[in-house]
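Here is a short briefing to read with the model open beside you. Take it topic by topic, and find each residue as you go.

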Amino acid sequence: MIWLANVKIPIGPQHPALKEPENFTITLDGEKVVDADIRIGYTHRGIEKLIETRNYIQNLYLIERICGICSFTHTQNYVQNVETILNIQIPRRAEYIRTLFLELERLHSHLLWMGVAGHEIGFDTLFMYTWQDRELVQDILEFISGNRVNYAMNTIGGVRRDISEDQKKKILETMIYLEKRAAYYKEVAVNEKTILARCQGVGILKPEIALKLSAVGPTARASGVDVDIRRDDPHAAYADTPFQVITTDTCDVFGRFVVRVLELFESINIIRHLMNNLPTGEIKAKAPRKVPEGEAISHTEAPRGEDIHYLRSNGTDKPERYKVRTPTMANLLSISEMLKGTYLADVPIIVAGIDPCMGCMDRVLVLKEGKENQPGYLLDWEHLRRYGIQWYAEKGGRIQ
Amino acid sequence: MTGIVTWARLKSPWILHMNCGSCNGCDIEILATLIPRLDAERFGVLLKGTPRHADILVCTGPVTTQMKERLKRIYDQMPEPKFVVAVGQCGSSGGIYQGSYCVEGGIDKVIPVDAYVPGCPPRPDAIIDGLVKLLAKIKEGDKNDK
Amino acid sequence: MTNNTDEQLKEILQQNVQTDTTVTLTKPHRIMVTVARESLKKTMNILATKLSAQHLSTITARDTGTIFEILYHFFIQGSIVTIRTSCPRDDPTVESIVDIFPSATLHEREMNDILGIIAIGHPDLRRLILPEDWNQGYPLRKDWKPSGGDMVG
């Protein structure tokens, strides 16, 4: 067994679970995490400055590439902001297609998260299952837009591609299959011993702390905080779409699992509603290239929570200032709160629990305290993951 | 002896995936090559967590200033012979982020690259195709050495 | 939520704020409050006590060329309430609001990083997103140029 008393572990920068390489310095007392500090910015690409140097149409493609998983939410916020300042009304059909994409994105993102969470707790079967089903969502996205990841669907004034009857039929057929699979995952989430053993009571975030630290999305909803931008400040076509906001009060990783599984059903129902009530008409309103002086704030419910953008225009064809706050940024403070008092073996699943965007499960450098320049040995993320699984196996074989 | 080593390397290329500031689009597509639909493991491809076990470094992203040194360090830790695949438009040239103050612009600005897979992001089948082409290149290069 | 709540929020804000403050409803669900730098802390206290605001979405700072403008975006009862304040370029400081809204921690660090606006009273103003050894100034200021020349658009 590795000796781990009184050590500081910098995890990252090749980031623990997922996207946005970030660095967690975790202070340990034996097995327990005493403190966790976060350093981000390894993927800082200077997008906010780049936006100021490009015109509004070019920026669509740049903003889409803020994140490869929730790319549509970002462009959705951007076009909402620009449309607010231009004061143009976009066609209803375009609103519905946008909402469809927001929900398809949520479906694929949640399936992706479940796979990653399964991987982190040593349950790779779940990873293979959910990612296989996720491909079906990707197929729909590709069928409509021609792209699997960055769809380039949104444009100022509407959307760029229409939905044909054939596509509608295929979407509805896929939803029937996905609903069956979602029911299966629900079964797995509440009955599977591996998940119960590794997720229940792990990574506790109390409701009052979640509120205080402004947690968003499924992370907040799993702590019983009833917040959902789709309902509280409806954008796109959410105002005339019936759906439920899922909350649980278990406040742990298990709760986050359940919230995401149940949200799959809500998304499937929303997509059905949208497809059955799709209005006819145009999909795009004409928009000028220059945007008058003004400012706008827009937020949407991304798969990971509230995503807020601010735009300030100056009358030219380039923005004056653009600000983006992604949901992961809002949940970072909550992570360090969740990590305090837990075991090192639980770090992977807790960090993955907020769904910090996919990317680079990699290495963790273990340093003996006081000798920060002389690495003791290298412990990569894979080892830490296996260590977690083994540690639990030794604790009375709680997982098989 | 080298024949056996090359044969083994061609049949089981172990890869290390590294995100150097990518938007994640390429990263999820790389992982999507591992799922049953495409099953990159049938080529013996295995995703490893540490550079010391890897033959091929699969990089994504335009290399941010902060990741530059780290990318070099990872590359140095890999055993010889080593190969690098740059996945995506950003990895190939800096892509859409070209000209930013903290982006180097392409993996080949920092370490030598053996194969490029263009696309934003490339489809998983394109990534597998890139890997297979790299393997063919290794085989060819080995013949020339003899 | 209806626009009625917007009006109510606006009224509560107007009743409680100082004389140097204006409250406007720019569009449904968007309330803009402009305060002087000196009364920022007081306004924040009013938000926390009278409106029981807890969700600070983010802080946006921008360089207008003559002053720095700082916007605090709150999400209160279905509306985005934005508190706008400003500081002169030769004295880029504001009071930190971390003691009232702990979620401001990261946003104030970011603001310091990219624009050089210092939040006085922040317990830990380390670098957040720029490299540790960054010494080329504040990239989001309008007069900033990268060391290698102009940025390519």
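Helix 4 of chain B gives three residues, the largest share, to the lining of the second largest cavity. This is a predicted model, in which local features need pLDDT of at least 70, side-chain atom pairs count only at pLDDT 80 or more, and totals for chains, interfaces and linings use all residues. Residues are numbered from 1 along each chain as its sequence is written, chains are lettered from A and ligands numbered from 1 in the order in which they are written, and side-chain values use heavy atoms, with hydrogens and water left out.

**The second largest cavity**

- A cavity is a set of points, on a 1 Å grid over the protein atoms alone, where a 1.4 Å probe fits but cannot get out; lining residues have an atom within 4 Å of a point.
- By this rule there are 10 cavities of 30 Å³ or more.
- The second largest cavity holds about 80 Å³ of space, where a volume is the space filled by probe spheres set on the points, and grid points are joined across faces, edges and corners.
- Its lining has 14 residues, and those nearest the centre are Ser22(B), Cys23(B), Cys26(B), Cys90(B) and Cys120(B).
- Helix 2 (25-32) and helix 4 (88-93) of chain B each supply at least two lining residues; helices (H or I, at least four residues) and strands (E, at least two) are DSSP runs, numbered from the N terminus.
- The lining of this cavity divides into six nonpolar, seven polar and one charged residue. Here Ala, Val, Leu, Ile, Met, Phe, Trp, Tyr, Cys and Pro count as nonpolar, Asp, Glu, Lys and Arg as charged, and the others, Gly among them, as polar.

**The second largest pocket**

- A pocket is an open set of points with protein on both sides within 12 Å along at least five of seven lines.
- The second largest pocket has a volume of about 660 Å³.
- It is lined by 25 residues, and Gln80(A), Thr84(A), Glu95(A), Pro234(A) and Lys27(C) are the closest to its centre.
- In chain A, helix 3 (71-86), helix 4 (92-120) and strand 6 (294-302) each give at least two residues to this lining, with helix 3 giving the largest share, five residues.
- By class, the pocket lining has seven nonpolar, 10 polar and eight charged residues.

**Where chain B meets chain A**

- In this interface, 40 residues of chain B are in contact (heavy atoms within 4.5 Å) with 46 residues of chain A.
- The two chains bury about 3,600 Å² between them, 58% of it on carbon and sulfur atoms. Buried area is the accessible area (1.4 Å probe) that two parts lose on being put together, summed over both.
- On the chain B side, Ile28(B), Arg37(B) and Ile96(B) lose the most area to chain A, together 17% of what that side buries.
- There are four salt bridges between chain B and chain A; each is a side-chain nitrogen of Lys or Arg within 4 Å of a carboxyl oxygen of Asp or Glu.
- Glu142(A) and Arg123(B) meet in a salt bridge, at 2.1 Å from N to O.

**Where chain B meets chain C**

- Here five residues of chain B are in contact with 10 residues of chain C.
- About 590 Å² is buried between chain B and chain C, 69% of it on carbon and sulfur atoms.
- Gln66(B), Gly99(B) and Tyr101(B) supply 83% of the area that chain B buries against chain C, more than any other three residues.
- The count of salt bridges between these two chains is zero.

- Over all chains, the structure holds 41 salt bridges.
- One of them pairs Glu52(A) with Lys142(C), whose closest N and O atoms are 3.2 Å apart.
- Glu52(A) lies in helix 1 (residues 47-53) of chain A and Lys142(C) in the segment after strand 7 (118-120) of chain C, so this pair joins two chains.

**Backbone details to look for**

- Most residues other than glycine have a negative phi, and most peptide bonds are trans.
- The peptide bond between Glu80(B) and Pro81(B) is cis, with omega about -15 degrees; Pro81(B) is in the loop between helix 3 and strand 4 (83-87) of chain B.
- A cis peptide bond also joins Cys120(B) to Pro121(B), with omega near -15 degrees.
- Ser214(A) is not a glycine, yet has a positive phi of about 55 degrees.
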